[in-house]
Structure formats: C-alpha cells, structure tokens
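Dear colleague,

I am handing over the structure below for your review.

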Amino acid sequence: MSATLAFLQRVEKERYAAFAALAILSIVSALLSPFFLQWQNLLNILRQVSYTGIISLGMTFVIVSGGIDLSVGSMAAFVGSLAVLALNAVSDAGLAQETAVAAAIACAVLAGLACGLANGLLVTKGRIAPFIVTLGTMALFRSLSLYMANAGEFRSVSSLFGELGSAAPLGIPVPALILLGLAAALAFVFARTKYGRYTRAVGSNARVARYSAINVDTTRLAAYTVTGLMVGISAVLIAMRFNSVGSSTLGINYELDAIAAVIIGGTSMAGGRGTIWGTVVGAITLGVINNMLNMVGISPYLQGTVKGLVIIGAVFIQRQRQ
Amino acid sequence: MTGPLFRVRRLRKEFAGHAVLRDADVEIRRGEVLGLIGENGAGKSTFMKILSGIYEPTSGTLELEGQPIAFDSPSDARRAGVSIVPQEFNLAADLSVEENVFLGAELLKFGWLLDRARMRARTAELLAEMGANVSPEDRIDGLSAAQKQLVEVCKALAFDASLLILDEPTTMLTRREIDRLFALMRSLKARGMALVYVSHKLAEVKAICDRVIVLKDGELVREAPVAEIEPAEMARCMVGRELREIYPPKRKATGPVVLEVRGLSSPGAFADVSFTVREGEILGFAGLVGAGRTETAESLMGLRPSSGAVRLGGEDAKAKNADQAVRRGLGYLSEDRQGSGILTGFGIAENMTLISLRDYMSFGFVVDREKEGAKAQTWRQRFGIKAGDLNAPLESLSGGNQQKVSLAKTLDPGPRVLIVDEPTRGVDVAAKQEIYRFLSDLAAKGTALILLSSELEEIIGMCDRVLVMREGRIVGELEGDAVQEREIMYLATGLQASANA
C-alpha cells in the first residue's frame, strides 16, 4: 500500500508539474484581466497554439527518441507553398473547389511525409547528427520556398479553402479540434503501443536498444516522418487560415515554439522520457503567456524574453528534480 | 610513528532516514593493505565515498594522524593525501595519459602557464615505476582496460598520497596484470603507504591484504588479520550464513548438437572460429581480455559483421541483426550491463519484455500490459528479485537485482542457445550462487549455454568443456578432468605452464 502510494506520488509529480504550472498561470491571468476567462478568449488561445501545437506532437517523438528537428518552421513554409500551388493548379484546371481543397490537403500531407522521411534518412542512413541534418534542411526548405514565391506570397484562388480556415463546428475552431484529436491518437501510440515503447527505449540508450533486437534506425526514422506528417497538417491549416502562404513569414520561429512546448511539458531533452499530453499543456502554456502579456499591455517585443525565461526555467526545474 | 594513519570513529551515514552505515569504527594503519569486503549494499561504497570526500557523514568523525579532519570535496581529500582508484574509470577519452593524470590539478609555470615538461616527466616516472607499457602522450581511448586502470593508479599517486583506496581494481584485469598490480601494491606498502582494497574476489583479498574488515548491512561485523581468516569464512561473515558449495554439480551433456559454428571470422577481432554446442551443455569460453570472445558472441548475435557459417538446429542461423538472431533462437547476456544490457530509467517489467515485446501484443501493435505484468511477476518470483514494485526504475535496484532483470530479459524470448558474457560481474556472493544455480537448471532443461568469463574459477566451476581463445583464435579445447587453471592459462597466454607458475 505504502509502496503504491510512493509510486503514485513519484509519477504524479512528473506528470502533473506542467498542469500545475498552467493552472497557476491561468489563475494569475484571470486575476490580472477579467477578459481572460471569457470563452471567446480561451478559444482564441487554443486556436493560436494549435498550429505549433500539432508540430510539437511530432517533435515529442523526435526528442524522446534522442533527436531534434530544427527544420519544422521552414518545412511548414515549403509544404504550405506546395499545397497552395496544388490548390490553384487544380482550380485553374476547372475542377470543383472541393477537389482542389482535397488536392491541397493531400499534397501537404504527402510533401510533409516526404520531407520528414528525408530528414530521417539523413539522420539514420547518413549517420549525421540530427542537429546538423535539420539545420541544413531548415536553410534548404526556406530557400526553396523563397525561390518558388520570389520571396513573396502564394494566394489561394479558392474561397472554400479560406472559409475552412475559420470554420468552427460547435464553436470550436477546426485547428483546435485537430490538435486534440491528434494528441489523443498519438498519446495512445506513445504510451500503449510497441512503437511508443521502442521510441523511449532508443532515446533512453540506443546501444541497449540495439542489443535488445530493436531496429533503432527504423524507430528514429519513424519519429522524423511523424513530425513531417504533423508539419504537413499544420501547414495546410495555416494556409487555410490566411488563405495564402507567405514564403518569408510562415513558420518563422515555429521550431522554437515546438521545442519549447515539448520541454515545458516535461519531456527530457536527453531523450527517453516524456508525455504527449504534457506537450499539449506546454503549448497551451506558451499561448496563455502571450495572451496575458497582450492583455496587460506589455510590448510584443518583450514576449520573446518571457518565452526564453520560461524555457530556461522549465529545464532548470527539471534538473533540480533529478 | 605511533597510532594509525587514519581513524574513523562511529561513522554513520543515512539517506532519507535509512542508515546505510551504522556507527563503524575503523583504523587504517601505515604500511598495511586493509581488505574491505561485504555484499552489494553492505555500505562499502558509502564508506569509501566518505573517506574520499564525496559524501559527508551524518555523524561520526574522521581523524588523520590524530587530528580531526573533514573533507568538503574529493579534491580536498586528495590534497590531504587520500586518493581513490574508482571501479568505473573516470578518464577523459580524448585527452592524453599525462593530461588525465594531472586533470584538475595541473602543474603550472608562473602561476598560469601549463608546465608540460614537468607533468610529462612525472607521468613517465610513475608509469615506469608501475612497469606500464604506456607513454605519457598516448590518448586514453587507444588504451586497453588494464592500461586505463594503471592510468587511474598513476592519477591517484601523482600527488603524495598517504592513503590509497582501490575499488574492485581487478575486475578488468588478466591474471598477469593482477600479479603486476599486486607487486606494485606491495612496493607502495613497503614505502609506508596505507592501502584499502575493496573486492568481491576473496582469494585475492587473502593473497594481498594484511587485515580484513567485513561490512554487513552497514555494520562492521568482523575484523581479523588475514592469516586468521580463510575465504570461506569471509564469505560466511558477509552473508551471515554458511555458503556451501557455490557451484552446482557439473554434468556431461550427451544431447544432440544444437549450434554449429564453422569458420566464423571478423577482420580485426577474431578469425576462423569453429565449434559446436550440445543441448544441455555449458560450454566455457576462456581467454584474456581482448582475446575476441565478446566479439565472437556479438557476431553470432548479428551485432557485428562477420563471415562464416552458423547453423542452429540444422538450419542456417547467420544473423545480420539482433532481431534475426533472436528469432532463430539465440540469446545474449551482455558483459556491459549498464551500457548495453538494461535501461536504467525503465521499469522492471518494461525491461524484461524489451526483446520479446512482440509476444505481448493485442491487435498486433498495442502492448498488453496485463500479460506483461503477469510474466514479469513470474520472473521476479523465479529469480527472487528484491523490489517492491514492477514499475520501479532499474536505477533503484542493486547490481545483483539488475543483473537478474537483465537475465530475465534475455531469457524471455526462450532462446535455445544462450550466451552469457561475464554473468556475475559486479555481483555479490549470494547473487552469484543464485545465478550459477539458475544457469545450471536451465542447462538441465535442455538449453545450450555458452559461458564467457574472465574468472577462471567460474569457468572451472561451471563448465565440463572449455574452449580457450587467444588473439582472436581458438587455441585449444579442454574437457572433463583436463579443465584446470594451469592448462587454461597455458593456452590463454601461449606461455609454458612452468614459466607462468
């Protein structure tokens, strides 16, 4: 009995530290501004964090497996550009709007998968450090998008595409629904499936995993591919939101926000440990911080400072706990 | 010089209210090797860590030459003349021998410039004194385990140490290297230095120590001049009960050949290795460190590229990766438990099913945690693993219990041929005996076992047939009464038995 209790205390503290921090932050925000707890404001925060939140779900797999992906922001711009190009090409061909939107979504998903797969192959088969691979592809994806758009933006010719971006069935924005749906699915994969277990094993000690007959390369490859898929989904959602893709603006600092959400959510940067729901909480925490700073009228230029301090603070607290 | 060099009075250390060292009184004298023995968890490491300034005692005092003393840090202890040679090497792999010897205590010119000439000269002098075949400029990662050990000793001796603590210094060494270390220890002793020798190898304690103290559950239970205590009694004091025969009786295997290896080679590691193992047999692989035994095992498991033929139960079993090897019925318990055996952050159950996870699936991809937990529970009972909770991370377990988990993990897929590499390294006497008994039972039920070990005693105690490797080749096979220490050493070293004796 006492052993069970001790176990619960240990786990709960790990798992709920991020929840507790978010709760405290929310209470402070509610005290600072009466608008914070309004339904519309809360939905707005959720929508704002969805785009990077979806990416951070994939990033959790990559970081837990012992890697990092810096290319997600540039990849979102590249994949988003391709999606809008596909949308316009199908529309110009005189096909139905629905077909064009489906083509854009399919294009984003497939291009995202392909980009993630490329990152993964370079890391596993090319035996290059993830930091270097994704630093390289970060420059590459951004440059390709800038070149394709001549540093400008791709505008969608479809009105349906843009309408979907602001759709909110049952009052909840589409991106937020997708974030929560994907989080539920990936949390299951992470905690309950063979692949989730292998991801933690590989990040915990790749040598032990190899000696335990686990295919380390395939496991890592899958993590980067899942991240690519998440970037594809996120990119098409952002493109819908603006009904366009800015080749120089879309996805800027997304890698920072995605990694920050993972870390604030309690995942160990060293790999081997983490949770998907923690990452969702981390993403929402970042959104609440931005929202609070806006409401109390702090310069938007200082938001990066606060974000930076929160990231460092989160890691510092993790260290203390160990 | 009167009185002991070092005196420890009523030394006590508690972690979260749990006492791991209970009011121990110890004297350490000049010109003496003091043996410190005890099971894992008896408080040996805690005792050493307090002496070397890593831990602060909860209560009790330390006296150096009659003066009370307290160490704030290991470097504090080192300045006072207390040095430790740790069990796990603590060397920077990319630096040279000389840079490592003086790491953190570099000799300086004008107070800021490295005095490389003086450091090099001092290192060369120390290395020569130990008869080490190492140059001060050599990089650490190019050295063998034995050479690294000597560098650690150099590091401990670089500043005039008056007390030298050696923690399990012989686990990685061969017989001849051990003899050389012992000669070095005797010469240090003759100079009036005090040495503390911590080891599980009781025969070595008997050979090198002058006096022995035994710790059990944090208490000092026995202190005796080594002349008055035999290894058997040391073991009895450590576990508090009589250890009868530590090795189960040997059996001659008559079952059919299950594994057949022909001309297995891996360039740079071993060449033309051929042998067979029978069902129910325990085949020994003896040899010096670096003879190619572990590399051979890794090749059989598909962890290292190799050429040659491997047949298991008549079918081709040449594996390209560990997964193939496991599917074909091979299992491997690695010599490096922490580095390639277990995941210290994972729970007991998760570790046990790491290799065989595919057998615990519902719908093909979801882990059936109930089934997993039930299986882990049977393993825990079978091995007597001491842990409150199957989800407890392995880092909270003792070395012996970790090894049992590692063994359970290797056995869970049900291998027909099990290779165990140094199965009792860093494990206490009681756990050792349990592991031997378990391996013997396993063989009795028909599993073919290959035992790789640097401990000759273990090979001789467990195996009816022994292959000896030297420099990557099988140089001899001994069977039945021919399995003798002298014969094995003769083959392993390639020297005449008389010259070696």
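**Helix packing in chain A**

In this predicted model, helix α4 (residues 97-124) of chain A and helix α10 (residues 216-242) of chain A cross at roughly 150 degrees, and their axes come within 7 Å. Axes are lines fitted to C-alpha atoms, for helices over the stretch in contact, and angles run from 0 to 180 degrees between N-to-C directions. Helices (H or I, at least four residues) and strands (E, at least two) are DSSP runs, numbered from the N terminus. α4(A) and α10(A) are therefore roughly antiparallel to each other; angles under 35 degrees count as roughly parallel, over 145 as roughly antiparallel, 65 to 115 as roughly perpendicular and the rest as oblique. The crossing of α4(A) and α10(A) is right-handed, a crossing being left-handed if the near helix is turned anticlockwise from the far one by less than a right angle, and right-handed if clockwise. The residues of this contact comprise 17 nonpolar, nine polar and two charged. Here Ala, Val, Leu, Ile, Met, Phe, Trp, Tyr, Cys and Pro count as nonpolar, Asp, Glu, Lys and Arg as charged, and the others, Gly among them, as polar.

Helix α2 (residues 39-64) of chain A packs against helix α7 (residues 174-192) of chain A at an angle of about 30 degrees, with the axes 8 Å apart. That makes α2(A) roughly parallel to α7(A), and their crossing is left-handed. Among the residues that meet are A:L46, A:Y51 and A:L57 in α2(A) and A:I178, A:L182 and A:L186 in α7(A). The residues of the contact of α2(A) with α7(A) divide into 11 nonpolar, two polar and one charged.

α2(A) also packs with helix α12 (residues 276-295) of chain A, at about 140 degrees and with axes 8 Å apart. These two helices, α2(A) and α12(A), are therefore oblique to each other, and α2(A) passes α12(A) in a right-handed crossing. The contact includes A:I45, A:V49 and A:T52 of α2(A), and A:V280, A:A283 and A:G287 of α12(A). Its residues divide into nine nonpolar, nine polar and no charged.

**Contact between the chains**

From chain A, 19 residues are in contact with 24 residues of chain B, two residues being in contact if their C-beta atoms, placed from the backbone, lie within 7 Å. On the side of chain A that touches chain B, two or more residues come from each of α1 (2-32), α8 (194-204) and α9 (206-211) of chain A. α8(A) gives the most, with five residues. That side of chain A divides into seven nonpolar, six polar and six charged residues. The predictor gives the complex an ipTM of 0.85 and a pTM of 0.79.

**Chain B**

The domain assignment, which is automatic or from a database, gives chain B domain 1 (6-239) and domain 2 (257-500). Their centres, taken over C-alpha atoms, are separated by 31 Å. The contact takes 14 residues from domain 1 of chain B and 13 residues from domain 2 of chain B.

The mean pLDDT of chain B is 88, and 96% of its residues reach 70 or more; pLDDT is the predictor's confidence in each residue, from 0 to 100. Over residues 496-501 of chain B, pLDDT stays under 50. Where pLDDT is low, the predicted coordinates should not be read in detail.

**Conventions**

Residues are numbered from 1 along each chain as its sequence is written, while chains are lettered from A and ligands numbered from 1 in the order in which they are written. As this is a predicted model, local features need pLDDT of at least 70 and side-chain atom pairs count only at pLDDT 80 or more, whereas totals for chains, interfaces and linings use all residues.

Yours sincerely
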